[in-house]
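Reader: Please take me through this model one feature at a time. I would like the general idea before each case.

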Amino acid sequence: MKMVSLTIDGRPVEVPQGTTVLEAARQVGIEIPTLCHHVDLSIAGACRMCVVEVEGNKKNLPAACAQPAMEGMVVHTNSPRVREARKVVLELMVANHPLDCLTCEANGNCKLQQYCYEYGVKEATFTGERRRYTVDEGNPFIERDMEKCILCGKCVRVCHEVQGVGAIDYTERGFDTKVTTFMDNGLAESPCVSCGQCIYMCPVGALTAKPSKGKGRDYEVEKVVTTCGYCGVGCQLAFNVKDDHIVGVTNVPDSHNQGYLCVKGRFGYEFVDSPDRLTTPLIKENGEFREASWEEALDLVAQKLGEVKAQYGPDALAGLSSARVTNEENYLFQKFFRAVIGTNNVDHCARL
Amino acid sequence: MTNSIEEIEQANVILAAGTNTTEAHPVIATRVHKAITRHGAKLIVIDPRKTEMASWAHIWLRPYPGTNVAVFNGLLNVIIAEGLADDEFIAQRTENFAAVKEAVASYTPEVVEKISGVPAADLVAAARLYGQAERGSILYTMGVTQHTTGTEGVLAIANLALATGNLGKEGTGVNPLRGQNNVQGACDMGALPNVFTGYQKVTDPAVREKFARAWGVAELPAEVGLTIGQIIDGAGEGKIRALYIMGENPMLSDPDINHVETSLKNLDFLVVQDIFLTETARLADVVLPAVSFAEKEGTFTNTERRVSRVRRAVSPRGQAKADWEIIAALAARMGYEMNYEGPEAIMEEIAALTPSYAGITYGRLEKGGIQWPCPDKEHPGTKYLHKEKFARGLGLFNPVSYKPSAELPDDEYPLYLTTGRILYHYHTGTMSRRVEGLNAIAPTGLLEINPADACELGIEDGEVVRVVSRRGSITPQVEITDRVAPGVVFMNFHYREAAANILTNAVYDPISGIPEFKVSAVRIERIEG
């Protein structure tokens, strides 16, 4: 593989040919701000937030995400010219973006907000016409507020390139450009599979998780990394927890699922707090269940299992373990049947 | 899976058989999609239904339900006939090829077309594509296994991979996508009637001795126990008198539910441990409330053998307890102490007794999941299996032949019924059907029927019909769609009010004990008025 050497902010870097300046900078720990870039999506070069200054290039400031690293290149990622250009990029975005951070779901987890803070963009300096769109609320999980969209296109790319669904795309041109569904009919009428990959990608508050609305900002929740409890892919995800309740899910990009989830993994946690949950042991008497204490219920189970074993032998007992519970619990369950009851009559639904 | 999820992107050809991946394993489907669109991989889909995967496929083979084995044998027939077999791999790494070569000799494309309905030319094209692949990866799920000949189906797949050298290297493999979150782990942990942890056989005296010593008991039972289907039958016959069910719902998930119900009602004592009062729990004498995975610590093992941590996010609801705590408390009452500080201590015991998990500790899992085999604490885990040699040394070819499904359509029950999952619900729906948004998108279990059949029967989209099999009948709503071929109807099994397993046939693969969910015969009746 042919290698190229370049200098970024005074630091020498050697990378394989074809590497972008953005990737080369990351390799030596230099973070360049981005809005439209994602490591697993095609390069768009749309937002211009990642512009850098390349010595000898008087013409323009290239986008680091799309600019290949070249031999001998001398790059400045944070020069005054670069900072000024990024500030103008942000001012142009803010000119057509509601400054409603007070109530925005993305507050504290919004790259536009973060960069405006970093680059000192306080308010819209450009005035003019603003977009007016109604919020698409038809899907039970995904809310789309296109007035907040900065047209980075990551949602479009993830939907097409990763999910293979293509429920959304750009329509119109110029100022009227908008990300929307077929015939602007809304997500509910589209082939959308509610995976929420678009929410994961959205750098601002344009795409948000409806079930999490009003239940806590990103900085208010504790994030507990765990393994999804639905299918055998075993996706890694983080539950957002506030006041002992799950209020949302955060992606875990550094995982075999690359942060991607499906509709059940991302939105299917509500059952944990279902009023139908069993909260106390139940004993059936005369065909009806009544509540019981753990002491009473466990005593009864131990007694009954013991009686059957004494009367009919251990092989008259059987246990169905579970593909839903943990390894440790499956281990104990088969140990219980083999060591305590004395039978190999233990199975689970692997066959179903 | 012999190989890893990420390796799917490295395959040149993906052969996906009986897997509705976009719905049943959605995030794995993203890897398939990227393999095709980013890396130029070709996709062959073998499925009687026109799934999303079938729409992505370069070649889609649509066999009649239950004819997989003929199709797989046909593929191998063409691969051998056209000189596409990997002779070097066969010579160095395998044995018994001659027997398989002989067994598939009669499965010419024309013969296979007669059995399966797959056009001979399509079969040849698919065989050439897979046979010529530098890295061919086979994905399959229960569309292959849930047949009375499921074992033959899996063996026929293994024969294909062995004959083409698509094992023991990256981006290849025989990759069953396991269904439930911890079905792999439950098997690894010995929640099976014939093995302890890590598939150590109960019939091996040395293994029993090892576990008996570790567990501090005089001896352990030597006879292989009963499978789930045999346990249900045993309950019906009075052979099984007491049953302890933890986190399972056979009243929706098992074939021929009416039979399951009579059997469970025949028990002297039934205890069910679950997070909800399921259809099964309603039949119990005692119900013990367990916590969900969000309320406890532990590990799950996924389909690529990756052991990952489960962490407690919220406190137990009500008085519910973790399953491990309940089992330990019950054991103590029956005179056997299980004193564990927590799941981490249990994992230490598992690692000590299980060679493939020997190197797994909670400390190491903090840095991310580890794929077994992980034989010691320095071992990084195993991305793909069978690299230098197979577990048994040489890879064994097993000749198999096609046998028809146990119940085929006839005059009385003229349609094939095949069952499966949908994206928006999971298994018996105990969790997913308690999520408002999922119910809003998928409120009811639909019967998929081809427009031609619907027209002949005079039924309309959305109409409620009666579906009748030899076991019982249900009344689902109809969805008219060409996802199913004429003569075939499909139902998922997630909905108790339209429980497909009232209809399914409780016949099992004699080796795996898997029921034939994918093929039974039904008829459809219009409901008057």
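**Strands, interface and a helix**

Author: Strand 16 (residues 465-468) and strand 22 (residues 520-526) of chain B run antiparallel and are joined by four bridges. Strands here are DSSP runs of E, at least two residues long, and helices are runs of H or I of at least four residues, numbered from the N terminus. This is a predicted model: local features need pLDDT of at least 70, side-chain atom pairs count only at pLDDT 80 or more, and totals for chains, interfaces and linings use all residues. Residues are numbered from 1 along each chain as its sequence is written, while chains are lettered from A and ligands numbered from 1 in the order in which they are written.

Reader: Which residue in strand 22 of chain B is the bridge partner of B:V468?

Author: Strands of a sheet pair through backbone hydrogen bonds, either parallel or antiparallel. Two strands count as paired if DSSP finds at least two bridges between them. For B:V468, the partner in strand 22 is B:R523. The open sheet has seven strands, ordered 17-16-22-14-19-15-18 in chain B, with mixed pairing. Strand 17 (473-474) and strand 18 (477-480) are its edge strands, each pairing on one side only.

Reader: Where do strands pair between chain A and chain B?

Author: Strand 12 (residues 282-285) of chain A runs antiparallel to strand 9 (residues 286-289) of chain B, with two bridges. There, A:L282 has B:V287 as its bridge partner.

Reader: How many residues does each chain bring to the contact?

Author: Two residues are in contact if their C-beta atoms, placed from the backbone, lie within 7 Å. Chain B brings 120 residues and chain A 100 residues. On the side of chain B that touches chain A, helix 16 (residues 323-333) gives the most, with eight residues.

Reader: Which residues of helix 2 of chain A are buried?

Author: An α-helix has 3.6 residues a turn, so residues three or four places apart point the same way. A residue is buried if 20 or more other C-beta atoms lie within 10 Å of its own, exposed if 12 or fewer, and partly exposed in between, with C-beta atoms placed from the backbone. In helix 2 of chain A, the buried residues are A:R86, A:V89, A:L90, A:M93 and A:V94. They cover an arc of only 130 degrees around the axis, which puts them on the same side of the helix; the arc is that of the directions from the helix axis to the C-beta atoms. These buried residues pack against helix 3 (111-119) of chain A. The face turned away from the buried side carries the exposed residues A:P80, A:R81 and A:E84.
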